[in-house]
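I am opening this notebook to keep track of what I look up, beginning with the term I need for reading accessibilities.

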Amino acid sequence: LLRLLRQAASASDPLAEKGFGCLRELRRAAVQEEEPSLYNTLLLKMKDEFGPKEGFWPYVMNDAELRKGLVSHDETEESDVSRAAAEAFMTIKIEPPPADVPAATLNADDDDDDFDDLE
């Protein structure tokens, strides 16, 4: 699913449309089968990775099924996401990186990472 979206040039690209269709079906199945963790994890990753990509996150927010966001505890008892958290997830705006920041610095590894000692 993520591969389809990575390969798509925009939200209207046929690959993206196929990916969004799969995402809709995954959400439906997550609620029906009471197994929301895979869908919720995927949606979190998708928002992080594709939020700034032109049209992707607005497409999700305007899609009748996908705009429901994370599967909440109100939809299935197996979810550890509250309704408020699911709603908040969908209201957070994604901002693209500033235009004056070179792309190389956005993905560069930080040698002074404070969390390196935890490994």
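Before anything else I note the cut-off I rely on: a residue is called buried under 20% relative accessible area, exposed over 50%, and partly exposed in between. I also keep in mind that what I am looking at is a predicted model.

I looked up Arg-27 and found it in helix α2. I then asked which residues Arg-27 is in contact with once its neighbours within four places in sequence are left aside. They are Tyr-39, Glu-65, Lys-68, Gly-69, Leu-70, Val-71 and Glu-75.

Next I turned to Glu-34, which I located in the loop between α2 (14-32) and α3 (37-50). Its relative accessibility is 45%, so Glu-34 counts as partly exposed. Glu-34 also belongs to a patch of negative charge on the surface, where it gathers with Glu-33, Glu-35, Glu-77 and Glu-78.

Of the 119 residues in the protein, 30% are buried. The protein exposes about 8100 Å², and carbon and sulfur atoms supply 50% of that area. Among the contacts with a separation of 6 or more, I noted that 60% are accounted for by residues 24 or more positions apart.

Conventions:
Residues numbered from 1 in each chain as written. Predicted model: local features only at pLDDT ≥ 70, side-chain atom pairs only at ≥ 80, totals over all residues. Heavy atoms only, no water. Patch = residues over 30% accessible without salt bridge, like charges linked within 9 Å, V, L, I, M, F, W, Y side chains within 5 Å. Areas by Shrake-Rupley, 256 points an atom, 1.4 Å probe, with all protein chains shown as cover. Salt bridge = Lys/Arg side-chain N within 4 Å of Asp/Glu carboxyl O. Lys, Arg positive; Asp, Glu negative; His and termini not counted. Charge placed at Lys NZ, Arg CZ, Asp CG, Glu CD. Helix = DSSP H or I, 4+ residues; strand = E, 2+ residues; numbered from the N terminus. Buried < 20%, exposed > 50% of the residue type's maximum accessible area, 1.4 Å probe, protein only. Contact = heavy atoms within 4.5 Å.
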